[in-house]
Amino acid sequence: MRRLVFILALTFAISGSAQNKAVKSGEKFVYAASYNMSGLMTQLAQVTMETETVKTSKKTLLHLSCEATTYSKWDSFFKIRDLYEAYVDPTTLKPSLYKRDIYEGKYTKKEKYIFKNGTVESTMTKKNMAPTTKTFNVGTSQDAVSTIYLLRNVDFSKFKVGQIKTFTVIFDEKQTTVSAKYMGKETISAGNLGPKDCYKISIGASTKALKGTDKNIIWLTADNAKVPAKISFSIPVGTGQLILNNASGI
Amino acid sequence: MRKVLIVLAFIFAVIGIPFAILPLGTLGVLPAGLSLLFGLLAFFKSPTGHKNVPIWLMVLAGLLLAVIVVKAMIPDEVVKDTEFEQKKIESKQEDLKDLEELENL
């Protein structure tokens with residue numbers, strides 16, 4: 001599931017325009033995550049992506065969250081409760097705080113990244129280990145969650161088939177170069193939104209997390225909201241997909 | 001031939017058991033269905049008075065199929081995890097403190 005969420009992040013991630021026009025507060029997207037078992041897609045978990053306005057004493061921020069929860073029938077065998085969160089500027093989507101809380105069976109891990117003036121102060125806590133801290137320069141790189149939302153601000157209507165855009169994502173205290181290739185349009189069933197024309201985008205990364213060429217694909221609705229309607233992924237341990245079940249607040 | 005069919009029905013029934021227990025959807029229909037099929041063939045190949053084993057194998061395969069189908073019909077749901085919900089609330093409170101500190105730097 002860690003790989004799945006990373007791929008989800010990479011899949012969404014792209015350096016878009018500076019002004020956020022697509023992402024609104026109060027959005028909620030619910031996906032069914034399936035994994036290929038002996039040729040049959042088996043539904044394992046529900047992935048929920050939500051946005052919410054949060055106010056501090058001086059600022060108004062957008063809280064972005066991405067949550068993966070196994071269906072109750074799987075909880076007895078392999079329980080997953082993963083939570084990825086980012087607090088970003090609602091206009092630029094630049095992050096102030098990014099958190100990752102992993103609970104997968106017996107594996108647990110917590111990460112916290114505080115962004116200030118082009119640097120990141122990260123804290124990582126693993127099970128039965130003392131927390132470690134690290135400070136590193138990130139330049140204009142974004143965290144995994146906020147870059148997910150940046151993708152929706154990219155104007156793919158101006159892209160030509162085969163056009164590639166590269167960008168960097170911070171994940172596991174490392175910066176990873178990721179490419180997004182526009183592959184044209186397709187009609188995809190988008191849950192309660194019905195069949196939608198979608199931008200088809202292939203994701204590649206300089207990491208072993210992704211496998212194959214044009215095997216990691218995301219379909220974004222070809223409208224102003226650019227809702228991720230479907231994601232298919234191929235990783236070293238297999239293949240799977242995320243299908244949009246319900247989208248609200250767009 | 002009868003013995004081969006009985007052995008096959010038994011093997012597929014055994015394979016079908018973990019599929020019926022694990023939440024693997026309709027994947028288990030294949031071994032359970034094959035067990036039922038071989039059990040049925042063994043039943044017809046068995047002489048009168050020797051049909052008990054195929055009957056029991058068919059009953060087992062039928063039960064496995066019923067369990068698999070009923071489980072597959074139950075919709076996928078996420079149960080409300082109060083512990084996880086509480087953790088999220090606490091996490092958010094902690095985040096707000098961090099953000100306030102960050103603004104005051």
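Let's start in chain B. Helix H1 of chain B, residues 2-21, packs on helix H2 of chain B, residues 29-45, at an angle of about 155 degrees, and their axes are 7 Å apart. Keep in mind that this is a predicted model.

How do H1(B) and H2(B) run relative to each other, roughly parallel or roughly antiparallel? Angles over 145 degrees count as roughly antiparallel. H1(B) and H2(B) are therefore roughly antiparallel. Their crossing is left-handed.

Who makes the contact? From H1(B), the residues include Leu5(B), Ile6(B), Ala9(B), Phe12(B) and Phe19(B). From H2(B), they include Pro31(B), Leu34(B), Phe38(B) and Leu41(B). By class, the residues in this contact of H1(B) with H2(B) are 14 nonpolar, 3 polar and 2 charged.

Next, the cores. A general point: in soluble globular proteins, nonpolar side chains tend to be buried together. Here, the largest nonpolar core has 63 residues. Which residues have the most contacts inside it? They are Val145(A), Leu220(A) and Ala229(A). Take Ala229(A). Leaving aside residues up to four places away in sequence, Ala229(A) touches Ile188(A), Ala190(A), Lys196(A), Cys198(A), Trp219(A), Leu220(A), Thr221(A) and Leu244(A).

Last, the two chains. How many residues does each give to the contact? Chain B gives 21 and chain A gives 27. On the chain B side, 11 are nonpolar, 2 are polar and 8 are charged.

How values were computed. Residues numbered from 1 in each chain as written. Chains lettered and ligands numbered in written order. Predicted model: local features only at pLDDT ≥ 70, side-chain atom pairs only at ≥ 80, totals over all residues. Contact = placed C-beta atoms within 7 Å. Nonpolar A, V, L, I, M, F, W, Y, C, P; charged D, E, K, R; others polar. Axes fitted to C-alpha atoms, helices over the stretch in contact; angles between N-to-C directions. Helix = DSSP H or I, 4+ residues; strand = E, 2+ residues; numbered from the N terminus. Parallel < 35°, antiparallel > 145°, perpendicular 65-115°, else oblique. Left-handed = near helix turned anticlockwise from the far one by under 90°. Core = buried A, V, L, I, M, F, W, Y, C linked by C-beta atoms within 7 Å. Buried ≥ 20, exposed ≤ 12 C-beta atoms within 10 Å, placed from the backbone.
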